[in-house]
Amino acid sequence: MTVTAKAASALSHLDRLESEAIHILREVAAAFDRPALLFSGGKDSAVLLRLAEKAFRPEPLPFPLLHVDTGHNFPEVIAFRDQRAAELGERLIVAKVEDSIARGTVRLRKETDSRNAAQAVTLLEAIAEHQFDALLGGARRDEEKARAKERIFSHRDEFGQWNPKAQRPELWSLYNTRLHPGENMRVFPLSNWTERDIWTYIHRERMALPSLYYAHEREIVRRGELLMPVTEITPAGENDSVERVSVRFRTVGDITCTAPVASVARNPLQIIAETEFADLSERGATRMDDQASEASMERRKKEGYF
Amino acid sequence: MFDGSPAEGRDVLRFMTAGSVDDGKSTLIGRLLYDSKGLMRDQIAAISKAKHARADEGEIDLALVTDGLESEREQGITIDVAYRYFSTPKRAFVIADAPGHEQYTRNMVTAASTAEVAIILIDASRIIGKGLKSQTRRHAAIAKLMGLDVIVAVNKMDLLDWSRAAFEEIREGFERIARTLDLQPLAYVPISAKSGDNVARRGAADWYQGPPLLDILESAPPRETKLTAAFRFPIQRVARWGETDPGARRGYAGRVESGFVKVGDTVTAAPSLLPAIVREIRTFDGALDAAVTGQSVTLVLDRDLDLARGDTLASADVQTAKSVTADLCWLDTQAWQRGRRYLLRQGTRTTHAVIEQIHFVREVTELAAVSDATELKLNDIASVRVKALDALIADRFDDAPATGAFVLIDPVTHQTAAAGMIREAHDPQPRGPLAEESYEI
């Protein structure tokens, strides 16, 4: 018995998280007919993809990669997305919000509106087109208060909607993977990871990431506490004063709603050190879409968002 | 190899909080996060400006940290399990915040299934002279059923001027419950979640000699240290590689749920009970000599046993049984119906099962057994006899929780109907104590 105790304690917190995520990925491969892994080129989905390699290599991945593309992207993130898919020799499906706009299923008041919420529509269209029954996502419970309440295997009805009041109880690691026709499952292997765990893992695994995750000089405009990147899609206004500042992105989403933070961290260890002293949460420092109302994420999830 | 971050070497403790409505659970969690710097400035700002804040002006309503959903904020209650994360230099923590309403017992069971320790919270100001509430008894019973260690936190002591007599009265009341359940709490601690006394730091009660709550959590023993060393490895899927190679090989991918395994070990496949030797332990990062509880690996055996998902590789002590006695918590709004078939999931195996007999249902207030009960409905906890179509692993939940547990799923609605903990196997195979030598090769 003492041997077990000693052996068990040899598994660190991070090893345990890694093994849990691999276990979940393998459950998805075994229990679903047509799963897909959501891969945007962002850091969390890059970690998820790395864990998928760990779960299945030397076999090919038992699912394609899927990116719901808002069209408002940072070019280096898209380049990284394509590069990773090519390196791994895995199939990448890109579902474009712009195609949904062309079809008329996504309507925006004006061209420059954030397309983040519109991703739910495009995602549901991709699910219908490819008949996906399970989607693996890199969302974490520490990100946001609605996510904190979501199951690892999160059931969605035939309209892709999450019903927080009627979630199936999730016990031990005995996941209930049963679906009725037309329903789908969203599965979150990184549920129990924190921002810090992600960076510790990126460091340990020596993972490549898009360069904008590390400190670089960028033109920004200040909007309250947020730093808005000046880009073609988000140009500076006439009265804005544009500054050049050393920044990095803590999260990467649609360009119109993702702000960088002031930083000099050039590698994962420096980021971990900065995060220790950060007094804003990951999304709080960077995401405009969450700040619209205290229930934004809950509402988006109910509509079929990740 | 890597020591750049203190998080790397730390272990993790998963704990849950249980209490009745308004005992201050959410405030306690808010306090732990706040005092361990697990709350960020924007999150504090969000709860300070939240629409439904209940705190006095100028004070943060810590409870709102965990009331995540809009509908909860409107009703001022917690309706589902929320997970929170924080760490201290000694340990990483995962908190499952389970609501206290009686109708949500299923959420406490859900939270307990992934926790090692339960903090049972008692509102001292409402107990004095009245005795403990029935829900406190129920929370203690569920913690016991699910094998958790218990810490009793007596909250709102500031409202009683930190009265030692009040604390002792509550402790004695809980000890009476604990005795009937054969439960030994790790600690009793008087706290004020609102002021923070004895939560993350020592506080107002000079008569209390013990450590604050956070210190107790930092030193609570991890669960593995109390379990048997029996090896259990439910196979998730069969991995194949080198298909074009005449020596094409297969491995069994899964996670070690209990004990450990080394290259060269003889393992027994269940339910077939056929032996084989572990030839390789593969991971993406290279071959291992041994794998321990919690580790996801792929095992290569020395012979072809034609195994598949649902089979379990185990140490030679493994037994199987088609009929078991189990404690069951009913989780579905649809009550049990005699004769109805359910899907039973244990490890990675899913089979069909029926509940043959209800031995007794525990009634809510005194937890006494009611032996003539004929129905099982939402939130009932019962001892039942379950009969399965295929053989189950005959593990007792207290020895090996990962394989001694199962869930029942309604095959029509697909709802998770019940959580089960095996207490006894009937007519286990192979019979009698196994001579270990017989499997040595």
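**View 1. B:Arg84 and its opposite number.** B:Arg84 stands opposite B:Ile95 in strand 3 of chain B (strands are DSSP E runs of at least two residues, and helices are H or I runs of at least four, numbered from the N terminus). This is a predicted model: local features need pLDDT of at least 70, side-chain atom pairs count only at pLDDT 80 or more, and totals for chains, interfaces and linings use all residues. Residues are numbered from 1 along each chain as its sequence is written, while chains are lettered from A and ligands numbered from 1 in the order in which they are written.

**View 2. Strand 3 of chain B and its partners.** Strand 2 (residues 82–87) runs antiparallel to strand 3, with six bridges, and a three-residue hairpin links the two. Strand 1 (residues 11–18) pairs with strand 3 in the parallel sense over seven bridges; there, B:Phe15 has B:Ile95 as its bridge partner. Two strands count as paired if DSSP finds at least two bridges between them.

**View 3. Tucked-away strand 3 of chain B.** Six of the seven residues in strand 3 (residues 91–97) are buried, so the strand is largely enclosed by the rest of the structure. Buried means 20 or more other C-beta atoms within 10 Å of a residue's own, exposed means 12 or fewer, and partly exposed is in between, with C-beta atoms placed from the backbone.

**View 4. The two sides of helix 8 in chain A.** In helix 8 (residues 268–277), A:Pro268, A:Ile271 and A:Ile272 are buried. On the other side of helix 8, A:Glu276 and A:Phe277 are exposed.
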